[in-house]
Amino acid sequence: MIPRTATRWQTTEWQLMLKNSIRSVEALCDFVEIDVNDMQQRHLAHKDFPVRVPTAFAALMEKGNINDPLLLQVLPQAVEMVDSAGFVEDPLQESDFNKVPGLIHKYRGRVLLIASPSCAINCRYCFRRHFPYQENTPGLAHWQQALDYIAQDSSIEEVILSGGDPLSASDSYLQTLIERISAISHVRWLRIHSRLPVVLPQRVTEDLLRLLTATRLQTSMVLHINHANEVGDDLAHALQAIHSYGIRLMNQTVLLKGVNDTVSSHKDLLEALHQHRVQAYYLHLLDPVKGAAHFFISDERAADLYEQLRCQLPGFMLPKLVRELAHAPYKTSLQDQAVLKMRANR
Ligand SMILES: *Cc1c(COP(=O)(O)O)cnc(C)c1O
Ligand code: SF4
């Protein structure tokens, strides 16, 4: 089959769709045709972290189903406002690694740039839901400090555009930023961490793909898909277009109670990823962020679920089951954790 590179949509279309996103508990409930009786408490949760859902994503939810796995990721719950032991505002202590505004340098060889403060969607379990974005998103004119930091450390070979969601920035903003990164000679790789192609596939335009690949840097993209139902026809089309530009595609998933805590839901997701040539990369254990305790799954249950997946799928289709530890030098698997503990006790 000849790959189709032409996208069916226009650059301005996604901006309009983003603008028209669902932004209240009522509008979301109306859209999916559900009734809730604890609206007041849900409002408090919304005030803490506002509802934001593109209708393209909401359209993939089952009408009338209050337990829909996509809806649960975005619908504010009364329990978010109940404090839970161990669930805190900055669980990864990222502020320790926030060397200069807009940049997080935690792992050897790569840095993360907070390229845009906002996301197209607000996921209730997000570990950055309390992150001080406003202080951390330099306008283009102010990137110099972050770029100087990268230029001064020749061990940095990869720059990851993250956020927020980097693809919520405009094409021209991204183009300028990428040009300035590629001017630093020791940087070889560009990585985009984004959920936007998933929640608003119309973001993946010809112009975007061209600008992401019109650079000497080799570009890869890590998506964030949690459930097979997120993979609709429009996303499938966008993935095909991304592929046709030679961008390597990977995916990360967060393990979430009620959303994807069964073997069959992961099996469906991993098979859908393989079908669309997306490499499963990480399956993250939930970061203990304040307001997200109701999504928590114990290590024992996670390990059990993972073991069952290993018995059913080929190794290359499995993500690595990891957690982000505040001061570890890499994303740590449950097995790594056992090893680290042993070393510490020696
Ligand atoms: C996850 C993460 C990365 C990327 O880690 P990889 O293992 O290279 O995917 C880089 N920086 C920070 C702060 C991260 O949280
Ligand atoms: S898209 Fe990613 S960064 Fe944005 S709210 Fe969701 S999990 Fe958080």
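Start with one definition: a residue is buried under 20% relative accessible area, exposed over 50%, and partly exposed in between, with a 1.4 Å probe and protein chains only. This is a predicted model, where local features need pLDDT of at least 70, side-chain atom pairs count only at pLDDT 80 or more, and totals for chains, interfaces and linings use all residues. Residues are numbered from 1 along each chain as its sequence is written, chains are lettered from A and ligands numbered from 1 in the order in which they are written, and side-chain values use heavy atoms, leaving out hydrogens and water.

**Stop 1: Glu33**

Select Glu33. At 55% relative accessibility, Glu33 counts as exposed. Find it in the loop between α2 (25–32) and α3 (39–48). Helices are DSSP runs of H or I with at least four residues, strands are runs of E with at least two, and both are numbered from the N terminus. Now check the backbone. Glu33 is not a glycine, yet its phi is positive, about 60°. Most residues other than glycine have a negative phi, and most peptide bonds are trans.

**Stop 2**

Jump to Arg277, in the loop between α10 (263–275) and β7. Here too phi is positive in a residue other than glycine, near 55°.

Next, select Gly163 and Gly164. A cis peptide bond joins them, with omega about 10°. Gly164 sits in the loop between β3 (158–163) and α6 (171–182).

**Stop 3: ligand 1**

Which residues are around ligand 1? Show Ile104, Lys106, Tyr107, Arg110, Leu112, Ile160, Arg191, Tyr281, Tyr282, Glu324 and Lys331. Each has a heavy atom within 4 Å of the ligand.

Now look for polar contacts, meaning pairs of N or O atoms within 3.5 Å. Within protein, one atom must be able to donate a hydrogen and the other to accept it, and residues adjacent in sequence count only if both atoms are side-chain atoms. An N or O atom in the side chain of Tyr282 is 2.6 Å from a ligand oxygen. For the side chain of Arg191, the distance is 2.7 Å. For Glu324, it is 3.5 Å. Taken alone, ligand 1 exposes 390 Å², and the protein buries 93% of that. These areas come from the Shrake-Rupley method with a 1.4 Å probe; for residues, only the protein chains shown count as cover.

**Stop 4: aromatic pairs**

How many aromatic pairs does a search of the whole structure find? It finds 3. Rings of Phe, Tyr and Trp (its six-membered ring) pair if their centres lie within 6.5 Å; planes under 30 degrees apart are stacked, over 60 edge-to-face, and the rest tilted.

Select Phe87 and Phe296. They are edge-to-face, 6.1 Å centre to centre, with 90° between the planes. Phe87 lies in the loop between α4 (55–58) and β1 (103–107) and Phe296 in the loop between β7 (279–284) and α11 (299–310), so the pair ties together parts 209 residues apart in sequence. Phe87 is buried at 15% relative accessible area. Phe296 is partly exposed at 39%.

Then take Tyr125 and Phe295, also edge-to-face, at 5.8 Å and 90°. Tyr125 is in the loop between β2 (110–116) and α5 (144–152), and Phe295 is 170 residues away in the loop between β7 and α11. Both Tyr125 and Phe295 are buried.

**Stop 5: helix α9**

Finish at residues 233–244. Leu235, Ala236, His237, Ala238, Leu239, Ala241, Ile242 and His243 are buried in α9. Just after α9, Gly246 has a positive phi of about 75°.
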